[in-house]
Structures are given as C-alpha cells and as structure tokens.
Amino acid sequence: MTEKNIMWYEKPATCWEEALPVGNGRLGAMVMGGVPREVIYLNEDSIWSGKPVNRINKDAHKYLEDIRKLIREGRIPEAEKLSLMALSGTPNSERSYETAGELIIEFENGGDYTNYKRQLVMEEGTVHVSYECGSAKYKREFISSYPDQVMAYHFTAEGAKIGFTCRLDRCHNRLDEVWADGDEFGFKVESGTGIPFAVRVKAALKDGEVKTIGEHLIVKDASEVTLFIDIRTEFYEMSMDEATKLNSKASGELKAEEGFLPGSDYLQKGEKNLDAVASKGWSNIFADHKEDFGRKFGTLFLRLGEDPAAGNDCSDAEMAKSAANAKEGIGGTTKRQNESENCNSRATDKRLQALKNGEKDPQLFALYFQYGRYLLLSSSRGKCLPANLQGIWNNSMTPPWDSKFTININAEMNYWMAESGNLSECHMPYFDLLRRVCENGKETAQKMYGCRGSVAHHNTDIYADTAPQDHYIPASFWVMGEAWMATHIWEHYLFTGDRDFLEKNFDVLDECVDFFEDFLIEGENGELVTSPSVSPENVYIMEDGTRGCLCEGATMDVEILMELLGGYIRACEVLGGYNRVSEVPGEQVVTHEIEDECESAKNSYFIKAKRAESILKRLPSIKIGKHGQIQEWMKDYDELEPGHRHISHLYGVYPGSSISYEKTPELMKAARVTLERRLANGGGHTGWSRAWIIGLWAHFLDGEKVYENLHALLCKSTFDNLMDNHPYGAGAVFQIDGNLGASAAILELLVQCRDGYVKLLPALPEEFSEGCVSGVCLRGGYELSMEWKNMKVTKWEIKKKNCDNYGTDKCDAKDSVIGGNVVAGGAETCNAVAEKAVVGDAVAMNAVAGDAETCNAVAEKVVVGDAVTKNAVAGDAMADCAQELTVCVNGEDKVVKL
C-alpha cells in the first residue's frame, strides 16, 4: 500500500469538516469513522431544490438603454437602482444543492478501543478504518464505485463477531416514505418541488443474522458484512437535454402539477442495481473499483523534497514502473512509495500542525496537490454534473451560496488542473453543463438584451439557468460567465488535439461571439465595450466619493474577450483548414491564403474568424493606473476594498494569456504591482483567492512568494482533512475551489506551457529544491517527466501523449520523445525511449532528433529555471504537433527537431 498518497488520523472525526471524502462523480460520502456510533453523510449530485423555472426579467430589454445611458452619464446610483428592478432574475435566485441524508450505525462493540487508524488511500479511492477492542480487531473499507455505480461499506472482524443497528435520516426527518424489509431499508423524497430521489441500503452477510424492526436494520453475529448504498434520482432518468428544454419553457407554460418530465422508474433501477451488486459481491466490486480508480489517479506522480527510500534519484526505470503500475490499476505505486515510511510516519493533522509550528515538510505539499487531483476525480467523471462549490460533498439542505456553480471564478478554477493534471476526462461534465448553459442562454440573450447568441451571468445551477443571480449589484449584472466557461473549449483542444471535440463544441464559441458582436457598444473613444458590467464583486470610488459597481468595459471583460476571440479564431483555422487569419493582439503576423475560397466550409470559417478579428481590434487597451497598477476599470478609480479577494483584472496573466513578460513586459510589471497592493491590504484571505495568488506568483517567476502563499494556504485556509476552509460568518466552510486551484498552481510553479514555449521550474521555491514529477500534460499534446536537485534540472523527458489526435498518422508516442540527462561537470547523452526521435547532447546548442517524421506546426520553446526567452508564436497557437522545440536547460539552449 502506498504511503505517499495516504492521509491518516489517530482518532475518529468529531465533525463533518474532519471526515474523509469518497466519490465516483455522481455519488459521494463523508466518512466519520466513529467506533460506538458511525455517521456517513451521503450525497448524489442531482439532488437539488425546486423545479426549473424561467427567471428572465420581462422588463430587462425595455430598460437596457436607460441603464446604459445612466452609466455613460456617471449617474451610477440611479443605474444600479434601475438595474436591481429591471435586470434581476424573477425570482432572484436559482436552485440549491441538497444533501441526500445520513447513514447512522450503532455498534454493539462500542466500548474502549485502541490502535485506532482512519485513512484515505488516494490510489484506491478508499477510506479505511481499523481499531482493536480488547483482543478483537476490526476493519472497515468504504468506497464509491464508478464501475458499479454504488457505494459500499465493508466490515470484518478477527476474534469477535460484528453486530450493529443502522437507519437512515436526512437533516432531522426531511424525507417522505421510509421502508425496511428483510435485508434492505431506505427512503424516498417525492413531495415538494425538488427532484424526486430514493436512498436504498442492502446488507450482505457472511454468517450471522440480519432483520429489520421499524425503520432499523439489525445485524448480529456476522464475521463479514457489506452495506451497499444506492441513490437514484429522476433527473438522470430523463436526458439532460430534456431538463434543459424544460428549464427554457416560460414559467407560465409549466403547470404546477407537471413537476418533472416523466422518466423511467428510478426506484426500480435502484432496486435492480442493489440486487446486482449483492450478487457480484464485495471482493469483485472492490477489485474493479481499485483497478478503475487507480488507473485514472495514477497517471501523475509528484515528489517534493528528498526521497529517503530511493536515494536522490527518480530514475527512468522507476518512472516507467510507475506508469506501468498505473495501467495495471495500482496507482503508479513504486518501491519509493512502499518504503518511504519516514515521509508519512506522522498523522496528517499532526503534520499540518507541525507545519504551522515552523517545521518543513515539502512532501505534505505534494500530498495536498494529489488530494486536489483525488477530489476532482471523485467529483467529476462520467455522466454527472461538474464539481460545484463543494464538489459533491454537502451535509446541509441550505449550503453556503446554495453550493451552485459560481461562474465568475469558482467553477472555472475547479478545472484549471483538469488538463495539466492528466485528468482530462474529468473536464467532460463541465462541457456537458456548458452546452446546456449555451442552449438556455440563447433565450436570455434575446429577451434581456435583444441580442443573437447566448449569454450567462455569474451563476448557474442544475438546470443550466442563465438569468442574473441575487439582488447583488457587485456581481449579478455581469455578462461574461458563459464566455469564461467557453474559453476552456480551446484549452481542451490545445492539450488533447481532439478535433472531433472542437467541432462538437464550436457552436458554443460561435454563440458567444454572436452575442458580443451584438451586445458591445461603442465607448467614448470609439472602442467596443461591455455595458452594463462590473468587475466581479468589487466596488470603486468616484472622484466625488460616490461608490459604484456598474461600469462600461471592466478590464476583466476585455481580457476574457481577448481569450475567447483568440481561441475562436484559432478554432476557425483548425476546422476551416487554413493558416492564421491575421494579427491577433500580442501575436506575430502570419500571412494567410485560402487555396479555394469557394469551398464553403473553409470560406465560412474564414468569414467567422475575420469578424472576430474585427472585434478584437476595437477592444480597449489594458491601462496602467496612478499607482503603477493594472486599472481594474476603464477609469482609474480607487477601490473601496484594496485587499479584495477577487483579482479579476489579472485574469490576463493567469489563467489567461494576454499579459506576459514576453509579450507585454510593462503590463506584467504593472500586474505585479497590482498583486502586491492587494496583498499589502489584506488580500488572499479566502482559500480560492490564495490559490489564484499562488498561480499568479508562479507567472511572476517568484518562487519565494509562491511558497509563502502555499504555506499560508495550508496553515490558514485548510481543515485537518486538508479540505479548503472558506470564511463564512463567524466560522468557516468547505469550498473545493481552494483545493483544486492550488493543485493547478503547484503545476504552474513546476512547468508553464503557453505562448508557444515551455518553461521548466519557472518558480521553484528553495523549499522544493529537490524532487521529481512524471505525467504532467502540456499544451500541444505533450507529457512531461523530470527530476531536479539543488534547484537544477537533472533529467527531463517530453513525449507526445496522443499524436493521432493532431491530425497525423505519421508520428506515434514512441517516435516523438525528447529527453535529456544533465550531470555535474558536463552533459550526458539522453536516454529517450524514442525509436526514431532520440535527442542528442543535453547541453548542446543544436541537438538534432534522428529521423523522426514530423507534423505541421509552429515552433515552440522550452525554458528551464528563470531563463526567459523570446516567444516563437504567442497565444498558444499550436496546431497539430510541434515541429521544433528550443530547450533551455539550466541556462543552456538547445534546439530539438522532432
């Protein structure tokens, strides 16, 4: 069993925030691990309040021009008062995610216990509990199986028998019909306006007796017990397209008694599934689950700090073994992990406390990184909704912010790591929701703004609602939500080269561009600006002291539009089969010719790209303000809260690509001033904001600041179960974006791949001066493995992950591998595993790959350390496979031709 990716504790959880999570995308649970009394908090991601309704304000379009006129005239309080009435959704809020309930178990052997251990083994996707009562030894395992779509709690005992009673509850009887019969019990909820669902539990015993009394299930004298837990909702018994169509109906057309579209019998499906898994048995279900979860999770390995078990080397053989083991479903486990007791010899909560007390523990940061990957894999895969504010883990009927999808940062941040973290499959539920958002957003665009295309504001929910959320001026009336979500389409293509995906989702990009072509208005200087808009959740102060939120052309809007339109233009090139249209801001000019403009598809894409280019050219420039900072608004206002948690106007630095040292050095300097001012005034006080800050410092190439903020994140914004804690009232609540955003940022300090080149170790803290990583995905379809010691790269390997996706059958993964070994005192010939593309001297200026057959693409650069080189082609314009890589290894350049 691997030690490096285990979280463990010496006592049961005393509250929900100490419990350990499991999930299969749709089904989730938090395991407390109690001895006399166990509580398992249950979740299913489609259990939400309310029915779908059309919330579009019927008066929005009527008053839009009045609101714009008031903003242009500087009469902001009047514009905001009118907007609250005319633009707010009716009703003003979307639906809320809800808990499925609790499984409560009372054990007969609930006396004194010793040698207690509670563990989360990430490679297995399993929570383990073990303890002793006298001479008896008890063990438990809890899983949420993706292959069998069931959760299971398995109990065994040595030297004693197992006995307990159990029942189900839901926030003190927030349920309807309850049943218990023989070896099964459960409940369903069908009243009210929420989504109907049922929870079922079935017991499978080896020896012993099982029966029910009232709503309780009783187990006696068993040597082995498994409780299988199935949760089904009516939502998944209708297609998501049907749910979207239902939501887009005018609320007056939906009769109250209609409820939801009739689906197949979800109750019967749950019953049949429990019978099937009981017949299959625990051992087979557990084996399939471990293989499945381990294979997905084990695609990436990270060690930070010294490795006491295997010296200081992460050899090619060990990396290869890790990859092979991942394919076998054992999570990439190697002898390094099996033997490294010293890395994890202390309970996780004690390690966290020691870090707070000043001890160094670099591997705890690696564990935290992998925990982010674990949470994403557990909350977003297959046919499910994307990870919401709490992933899928929620114990409340009324969670903070309704645990929806907040699309002015949080939902997008959840997926910043999906591609680079080698979990691209986890991105798919996000795109499924985006397509439904796009469908609903068409009506919102037309009825609210009189525009073609599609729009969503700063929140959405299970029904893909797109109307403004809340009566909250700083956030509600922001039209960039769908646009930001849509930028991920081009990102996914850059990492995967999946042309079919790009073609399938191009209509989403198209609808977004259609909307802004109609929605943007001419500003005072002739530029195209958004109006009304806000800089998410921040407030400015005008010269006369008036406070305001509504504005024209917030800087973040410009930066998102640059990203959206730039990706759209490149998607047109790929799908239209021609070269770069013309100059995109910040990029080199590449001339274009269409061989046959009469060819309808090419001509159509060419025309689409040209209209996007015309919008880009008329967007406002990003401005530097009186403090030397990036202006957050078109006018150089002061902020009401200089330390605000949102850093929206730095989107162009990260995760966007419009601001960088290579393209816009003056703006990059101003961006750093912006971040410094935020932090000097108390910024970074929430987990997700701190995660964003870490990614920004990585792009400012400042390893010291990266570590300072990573340390602050773990010490100030992390529960003992390593879940992110977000300030809420007098206390704190779990919010998953802090975890997932921080994992993404850790990859940014190790490698950055955009604007046509790759940087290795761009912002490595001294605390991580030694380590190794394998399985990191790069734009262009690459996968990186490398080792480093004393802040220097000692070995690296970049290989093509899936060249077939990039439109060629000429290169295979084995034929397009780049590698290098760097040793003290000189260079060593690379040990690349390529058969045709073996790279030569690691520190030579011009290393030539053998006779590798190449694909058509742009030049690319790779940079190691803080040696920054000029970009080849900016803006991630990587079509197909890269033909040439310029690699700077510890300050020495070399050119590699594939």
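A: Begin with a cysteine. This is a predicted model. Cys166 has a relative accessibility of 1%, so the residue counts as buried. Cys451, at 6%, is also buried because the cut-off is under 20%.

Q: How many disulfides does a search of the whole structure find?

A: The general idea: a disulfide is a covalent bond between the sulfur atoms of two cysteines. Here the search finds zero.

Q: What does the protein chain look like overall, in helices and strands?

A: The protein chain has 20 helices and 36 strands. Of its 898 residues, 64% count as buried. It exposes about 30600 Å², and carbon and sulfur atoms supply 46% of that area. Now take contacts between residues at least 6 apart in sequence: 70% of them join residues at least 24 apart.

Q: Which residues of α5 are buried?

A: First the general idea. An α-helix has 3.6 residues a turn, so residues three or four places apart point the same way. In α5 the buried residues are Trp282, Ile285, Phe286, His289, Asp292, Phe293, Gly294 and Phe297.

Q: Now a sheet. What is the order of the open sheet of seven strands?

A: The order is β2-β3-β4-β5-β10-β15-β14, and the pairing is antiparallel. Its edge strands are β2 (20-23) and β14 (209-213), each pairing on one side only. Neighbouring strands of this sheet are turned by 20° against each other on average, direction ignored.

Q: How many bridges link β3 and β4?

A: Five bridges join β3 (residues 27-31) to β4 (residues 37-44), in the antiparallel sense. Val31 stands opposite Ile40 in β4.

Q: What about the backbone angles? Which peptide bonds are cis?

A: Most residues other than glycine have a negative phi, and most peptide bonds are trans. Two exceptions can be pointed out here. The bond from Thr90 to Pro91 is cis, with omega near 0°. Pro91 sits in the loop between α2 (76-86) and β5 (101-107). Tyr654 and Pro655 are also joined by a cis bond, with omega about 15°. Pro655 is in the loop between β24 (638-639) and α17 (665-680).

Q: Where is Asn173 found, and is it buried or exposed?

A: Asn173 is in the loop between β10 (162-169) and β11 (178-181). Its phi is near 70°, a positive value. At 58% relative accessibility, Asn173 counts as exposed.

Q: And where does Met791 lie?

A: Met791 lies in the loop between β30 (782-789) and β31 (792-800). Its phi is also near 70°. At 31% relative accessibility, Met791 counts as partly exposed.

Methods. Residues numbered from 1 in each chain as written. Predicted model: local features only at pLDDT ≥ 70, side-chain atom pairs only at ≥ 80, totals over all residues. Heavy atoms only, no water. Disulfide = S-S within 2.5 Å. Buried < 20%, exposed > 50% of the residue type's maximum accessible area, 1.4 Å probe, protein only. Helix = DSSP H or I, 4+ residues; strand = E, 2+ residues; numbered from the N terminus. Contact = heavy atoms within 4.5 Å. Areas by Shrake-Rupley, 256 points an atom, 1.4 Å probe, with all protein chains shown as cover. Pairing = 2+ DSSP bridges. Axes fitted to C-alpha atoms, helices over the stretch in contact; angles between N-to-C directions.
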